[in-house]
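Have the sequence and the model open side by side as you read.

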Amino acid sequence: MNQITAIAGSLFAVAIVVETVVCLAFLHHLRVRHPRQWLHAEQPLIWQDRTVLSARSTMLYLHQREYSYSLDRDGIDYCDRYRTVMLVAYWFTAITGFAALTTLALYGW
């Protein structure tokens, strides 16, 4: 395997793990500690047919600050506190994924 491709692929794998952990922790605490905010975010009560791969809808909810329209002050504060971490983890994964595909295309396996 090409060394550049291996580094890019490894960074992407690390980014996926970090994003998954961050997103799962955020959603778990949102559901447990702020159920009204959870419902406002339109998250399912049971994660059936939806996984952390529904991260896009969660990220749009945070990016567009839709959470600020709920009536749950504590939930709004929670989303405000973790918004940046969630968005950084999401975009880090997207950027490293693009980089991994680009290095694969340019340098091969």
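Let's start with R31, which lies over the face of W38, at 6.0 Å from the ring centre. A charge sits over a ring if NZ of Lys or CZ of Arg is within 6 Å of the ring centre and within 35 degrees of the ring normal. Keep in mind that this is a predicted model, where local features need pLDDT of at least 70, side-chain atom pairs count only at pLDDT 80 or more, and totals for chains, interfaces and linings use all residues. Residues are numbered from 1 along each chain as its sequence is written, and side-chain values use heavy atoms, with hydrogens and water left out.

**Aromatic rings**
- Rings of Phe, Tyr and Trp (its six-membered ring) pair if their centres lie within 6.5 Å; planes under 30 degrees apart count as stacked, over 60 as edge-to-face and the rest as tilted.
- The count here comes to four aromatic pairs.
- Y78 and Y82 make a tilted pair, 4.9 Å centre to centre with 50° between the planes.
- Both sit in helix α4 (residues 73-107), four residues apart, so about one helical turn separates Y78 and Y82. Helices here are DSSP runs (H or I, at least four residues), numbered from the N terminus.

- Y78 is buried, at 3% relative accessibility, while Y82 is partly exposed at 36%.
- Buried means under 20% relative accessible area, exposed over 50%, and partly exposed in between (1.4 Å probe, protein chains only).
- L104, also found in helix α4, is partly exposed, with a relative accessible area of 34%.

Conventions
Helices (H or I, at least four residues) and strands (E, at least two) are DSSP runs, numbered from the N terminus.
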